[in-house]
Each structure stands twice: as structure tokens, then as C-alpha cells.
Amino acid sequence: MKIKLSPSILSADFANLERDIKQAVDAGAEYVHVDVMDGHFVPNLTIGAPVVKSLRKATNAVLDVHLMITDPDKYLDDFIEAGADILTVHCESNGDTKAQLEKIRAAGVKAACVIKPATPVETAIELLPYCDMILLMTVEPGFGGQGFIPECMDKIRAVRKAIEQGGYQCELEIDGGVKHNNAAACVEAGADVIVAGSAVFGGDIAANVKGFLDAFKVGAQNAAWTK
Ligand code: DX5
Ligand code: ZN
């Protein structure tokens with residue numbers, strides 16, 4: 001079982017995104033996590049589809065685009081055309097999440113839904129048939145560098161159990177507050193894609209990525225679900 005790292009560029013140097021992404025990917029990161037915030041769904045503004053389009057030319061890594069926006073229906077086409085490989089919509093956003101996931105898949109892009117920490121885990125589990133990935137927020141969305149909410153561990157276990165019991169080909173990603181010292185526990189609980197921003201781009205990027213990959217090995221060795 002290969003556990004993947006998805007570095008969140010929210011904590012990268014926005015004037016040197018290509019450089020920072022290359023360092024992370026060369027060190028073994030397979031995904032690149034792109035946090036799109038509209039200043040309305042969350043109290044922060046970041047980047048939009050034009051940046052994704054430029055990143056598409058700058059890297060072959062999987063572009064894992066997390067939409068923290070109020071109206072995904074208005075912007076899905078833009079992100080599909082920009083070259084996203086995975087498009088993740090919040091269940092708390094406007095519109096019909098199931099229809100949004102179907103539209104993303106129909107465009108040949110991997111579809112994912114995400115829930116905030118306070119949203120019941122069943123909301124995501126019900127959408128498993130329509131998802132190539134489920135994302136669980138382990139902090140309140142909006143900002144990097146926050147602390148992991150420990151109560152989210154049970155949600156990771158619940159989604160992992162539902163994936164295994166239903167035989168779904170669905171990845172389970174977690175996002176927020178994951179550091180070198182809690183990554184193995186998250187993998188053990190059931191996550192197979194780990195987002196990390198500040199713990200990757202703060203300091204020596206290559207060494208930070210390697211630290212995560214080492215922690216993933218420990219977690220996978222201890223995890224019953226990977227056997
Ligand atoms: C928060 C974003 C996260 C964030 C993670 O709303 O979705 O992707 O960048 O940052 P860290 O790893 O620093 O918690
Ligand atoms: Zn994110």
C-alpha cells in the first residue's frame with residue numbers, strides 16, 4: 001500500500017511556485033494540493049483557475065485541487081479546462097454535490113468530496129459511489145498552520161471502514177495540521193493521501209518530504225487496513 005503526500009502550496013513561496021513544487025516532487029511527493037479560497041466560503045482569498053493552468057505547464061505531478069468556494073457550479077468548467085487531475089468540492093457548498101461529482105467524472109477528472117470538521121461523516125460516506133477520493137478536513141478550512149483536531153481520527157477510521165466494506169476504489173485524503181509527529185497515526189487510522197503545507201514548505205522542503213515518507217512507512221506497517 002503506497003501512501004501519498006500532497007503538499008499544500010498554500011505555504012509555498014507564491015513567487016516561486018514552480019521551484020518549490022519541483023523540490024517537493026523530486027523528493028517523492030506525488031500530488032500537489034492547490035487550495036482555492038473565495039473569501040466567502042472561507043475567510044481567506046487565494047488563487048483561481050489561471051494559476052492551475054500555469055501549474056499544469058510547470059509540473060507533471062497530480063494536481064489535487066481543493067475548492068473552498070461557495071458556488072462550485074460557476075467554476076467547475078474553468079478548473080476542468082485548466083488541467084486539474086482531481087477536483088474536490090465541499091458538501092457544505094451550494095448546489096447538488098452528487099451532480100457536481102458526476103459532472104467532474106464525466107469530464108475525465110477524478111471527483112472528490114470534502115467535509116468540514118463539524119459535518120457528520122455519513123454525509124461523505126453516502127457519496128462514496130460517486131467519489132474517486134474523499135477528503136476529510138482535520139482543521140477548519142481557511143488557513144494553513146493550524147492544529148490538528150483530534151476528534152477527526154474517528155472519522156478517518158469510519159470512512160476507511162466504509163471504503164473497505166464496500167470494496168470502493170476510493171482514496172482517503174486528510175487535510176490540516178498534519179506534521180511529522182502525527183502522520184503515522186493518521187495513516188494507521190486509514191488515510192492514504194496526506195496533505196501537509198507548513199510542515200513541507202517551512203524549512204528544507206526535500207528533508208521535510210522525506211520525513212513524511214518515512215512516517216508513512218511506519219504508519220502502513222502498523223495499520224491493519226493496509227494488510
Ligand atoms: C486549509 C487548507 C489546507 C492547508 C493545510 O484550509 O485546506 O490544505 O493548507 O496546511 P497545514 O498543513 O499547514 O495545516
Ligand atoms: Zn486543502
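Let's start with serine 8, which is placed in the loop between strand S1 (4–7) and helix H1 (17–26). Helices (H or I, at least four residues) and strands (E, at least two) are DSSP runs, numbered from the N terminus. Serine 8 counts as buried because its relative accessibility is 4%. Buried means under 20% relative accessible area, exposed means over 50%, and partly exposed is in between, with a 1.4 Å probe and protein chains only. The side chain of serine 8 makes a polar contact of 2.7 Å with the side chain of aspartate 35. A polar contact is a pair of N or O atoms within 3.5 Å; within protein, one must be able to donate a hydrogen and the other to accept it, and residues adjacent in sequence count only if both atoms are side-chain atoms.

A word on the model. This is a predicted model, where local features need pLDDT of at least 70, side-chain atom pairs count only at pLDDT 80 or more, and totals for chains, interfaces and linings use all residues. Residues are numbered from 1 along each chain as its sequence is written, chains are lettered from A and ligands numbered from 1 in the order in which they are written, and side-chain values use heavy atoms, with hydrogens and water left out.

Now the ligand. How many residues surround ligand 1? The number is 20, and the closest are Asp35, Gly142, Asp175, Gly197 and Ser198. Here a residue is near if one of its heavy atoms lies within 4 Å. Strands S2 (31–37), S3 (62–68) and S8 (193–196) each supply at least two residues of this shell. S2 gives the largest share, three residues.

Next, the polar atoms. An N or O atom in the side chain of aspartate 175 is 2.7 Å from an oxygen atom of ligand 1. For a polar backbone atom of glycine 177, the distance to a ligand 1 oxygen is 2.8 Å. Histidine 33 has a polar side-chain atom 3.5 Å from an oxygen atom of ligand 1.

Two more residues. Histidine 90 is in strand S4 (residues 86–90). Its relative accessibility is 0%, so histidine 90 counts as buried. The side chains of histidine 90 and histidine 66 are joined by a polar contact of 3.0 Å.

Lysine 103 belongs to helix H4 (residues 97–106). Why does lysine 103 count as partly exposed? Because its relative accessibility is 34%. Aspartate 77 is 26 residues from lysine 103 along the chain, and their C-alpha atoms are separated by 9.2 Å.
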